[in-house]
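Here are some friendly notes to read beside the model. Please keep the structure open as you go through the points.

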Amino acid sequence: MKYPFFASFIILILVIRHAIRRNRNLDESSRAAFWEKERLANETRKKPLDDLIYITPDTSAFPMDVMQDNEEIADCKRIIEELKNEKIVNLTGITNTDLKLKYGVANLPALTSYDDRFTLLVQTYEKWADILWENGHVSEAVPILEEQVRIRADVASVYKKLASYYKENGQSEKIPHLHEVADTLNPTSRSVILRYLDEI
């Protein structure tokens, strides 16, 4: 009776060892591929940035007179006005290595600053909308949320709030547009947002 058990135990050990060795080989192969890609990226010469899609903040529909004495909202307005004079690009989900390969290593500092401004813009929009929403100015927050969708921000709460608002206010025909935009976002955010929109 002991021999079948012992044989099964040995087989199990061999299977585990094989799996560990295989995973180690895959890790080493992936690591080598990454460093080769990084090497090529660091050797890529500067290329034109002609295909970049620059973003200009649009506050034309924003509720400028609502809670205008709120210091945090005033700060949001100031930041957005300053960003209107800067170059902003949504590079969410694109690695530095891929940016260097496409545009050249010399362009990386500029591209990083463009993307940092996009992040700041999204965070500022989100802060402003949250303050209004939490203080009962829900409909006034909607244009700010819609602006985030326009620039393809990948903040799940934005899509959830808008979908909820549209459904509760007889504007369900606008939800498919949220689905359409969400489908273009980076994979991690996309799956979360689409799952919620499908459920609603």
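1. Helices here are DSSP runs of H or I of at least four residues, strands are runs of E of at least two, and both are numbered from the N terminus. Please bear in mind that this is a predicted model, in which local features need pLDDT of at least 70, side-chain atom pairs count only at pLDDT 80 or more, and totals for chains, interfaces and linings use all residues. Residues are numbered from 1 along each chain as its sequence is written, and side-chain values use heavy atoms, with hydrogens and water left out.

2. The chain holds eight helices and zero strands. Of its 200 residues, 34% are buried, meaning under 20% relative accessible area with a 1.4 Å probe, protein chains only (exposed is over 50%, partly exposed in between).

3. Back to α6 itself. This helix has 13 residues and spans 18 Å from first C-alpha to last, close to the 18 Å expected at 1.5 Å a residue; the expected span is 1.5 Å times one less than the number of residues. Its buried residues are V158, Y159, K161, L162, A163, Y165 and Y166. They pack against α4 (108-134), α5 (138-150), α7 (175-182) and α8 (187-199).

4. Which residues does K161 touch, not counting those up to four places away in sequence? They are D130, W133 and L145, where contact means heavy atoms within 4.5 Å. The side chains of K161 and D130 are also joined by a polar contact of 2.6 Å. That term stands for a pair of N or O atoms within 3.5 Å; within protein, one must be able to donate a hydrogen and the other to accept it, and residues adjacent in sequence count only if both atoms are side-chain atoms.

5. Now the largest nonpolar core, which has 39 residues; L121, W128, Y159, L162 and L178 touch the most other members. Such a core is a set of buried Ala, Val, Leu, Ile, Met, Phe, Trp, Tyr and Cys residues joined through side-chain atoms within 4.5 Å. At least two residues come from each of α2 (71-83), α4, α5, α6, α7 and α8, and α4 gives the largest share, eight residues.

6. W128 deserves a look of its own. Beyond its neighbours within four places in sequence, W128 contacts F62, P63, M64, I73, C76, K77, I80 and I144. There is also a second, separate core of nine residues, including L49, L91, L108 and L111.
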